[in-house]
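Subject: Structure handover

Hello,

Here is the structure I promised to pass on. Please open it beside this message; my notes come after it.

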Amino acid sequence: LIVIGVLVFFVFMGLTSFTRIEAGYKGIKVDLYGDDQDIEVVQGWVFYNPLSSKVYRFPTFVQHKVWTADLSEDSRRNEEFTVTTKDGLSAQFDIGLDYKVIPSKVMDIFRTYRKPLDEITNEFIRTTVRNAYNGTASNYAAEEMVSKRAKYESDVKTKLIKEMEEKGFEVTQIAIVGKIGRAHV
């Protein structure tokens, strides 16, 4: 009877897993065999069956991301942005972004992207940021990108704050890091 009890316990433990979603995070528990309705926000200790469920953790505190040409910083590849100006020239620069997940939008974010936050950042948020900088650069001549840099960055930030909020993120800081350089042909 004891052997059967121990065996049942280990089978149960093998089919049950747990994790802890601590303060500063929102958890999403997803039924892998269900539909969009089988998603719930969870907090604290979460028990789940790893064969049929998965738990994602979304930090709700400020995240920092830098896209740079510096291969020793955040990535082993050149991630600097290249934009095209009103006069058809290209400019390159690094970008620093600080943002937060809006806690009440975590479920919407997961339903939209179905990925962990680091993947969302490197794919979708990067594209949104790049499009904001490139779209705004089309209103500036290459010389103005430098001489009116503060205005350019302000225009991008205004546009980006709105777009990111619609997607469930709050931009706390966005800026060109370092100088604006001319793209090499």
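This is a predicted model: local features need pLDDT of at least 70, side-chain atom pairs count only at pLDDT 80 or more; totals for chains, interfaces and linings use all residues.

Fold first. The chain contains five helices and nine strands. Their order along the sequence is α-β-β-β-β-β-β-β-β-α-α-α-α-β.

Next, the overall dimensions. The radius of gyration is 22 Å, while a compact globule of 185 residues would come out near 16 Å. Along the principal axes, the C-alpha atoms occupy a box of roughly 85 × 30 × 25 Å.

Packing and contacts. Of the 185 residues, 37% are buried. Among contacts with a separation of 6 or more, 68% join residues 24 or more positions apart.

Surface and charge. The accessible surface is about 10900 Å². Carbon and sulfur atoms supply 54% of that area. There are 25 positive and 26 negative side chains. The centres of these two sets are 1 Å apart.

Now the aromatics. How many aromatic pairs does a search of the whole structure find? It returns 12. Two of the pairs are worked through here.

Tryptophan 67 with phenylalanine 81:
- The ring centres are 5.7 Å apart and the planes meet at 65°, so this pair is edge-to-face. The cut-off for that label is over 60 degrees.
- Tryptophan 67 sits in strand E6 (residues 63-67) and phenylalanine 81 in strand E7 (residues 81-84), so the pair ties together parts 14 residues apart in sequence.
- Both tryptophan 67 and phenylalanine 81 are buried.

Phenylalanine 93 with tyrosine 152:
- This aromatic pair is edge-to-face too, with 6.5 Å from centre to centre and 75° between the planes.
- Phenylalanine 93 belongs to strand E8 (residues 90-101) and tyrosine 152 to helix H5 (residues 149-167). The pair therefore links distant parts of the chain, 59 residues apart.- Phenylalanine 93 and tyrosine 152 are both buried.

Which residues form one aromatic cluster? The members are Trp67, Phe81, Phe93, Tyr133, Tyr140 and Tyr152. Both pairs described above have their rings in this cluster.

To look at these on screen, start with strands E6 and E7 for the tryptophan 67 and phenylalanine 81 pair. Then turn to strand E8 and helix H5 for phenylalanine 93 and tyrosine 152.

Best wishes

Technical notes:
Residues are numbered from 1 along each chain as its sequence is written. Side-chain values use heavy atoms; hydrogens and water are left out. Helices (H or I, at least four residues) and strands (E, at least two) are DSSP runs, numbered from the N terminus. The radius of gyration is taken over C-alpha atoms; the globule rule is 2.2 Å times the number of residues to the power 0.38. Buried means under 20% relative accessible area, exposed over 50%, partly exposed in between (1.4 Å probe, protein chains only). Contact means heavy atoms within 4.5 Å. Accessible areas come from the Shrake-Rupley method with a 1.4 Å probe; for residues, only the protein chains shown count as cover. Lys and Arg count as positive and Asp and Glu as negative; His and the chain ends are not counted. The place of a charge is taken as NZ of Lys, CZ of Arg, CG of Asp or CD of Glu. Rings of Phe, Tyr and Trp (its six-membered ring) pair if their centres lie within 6.5 Å; planes under 30 degrees apart count as stacked, over 60 as edge-to-face and the rest as tilted.
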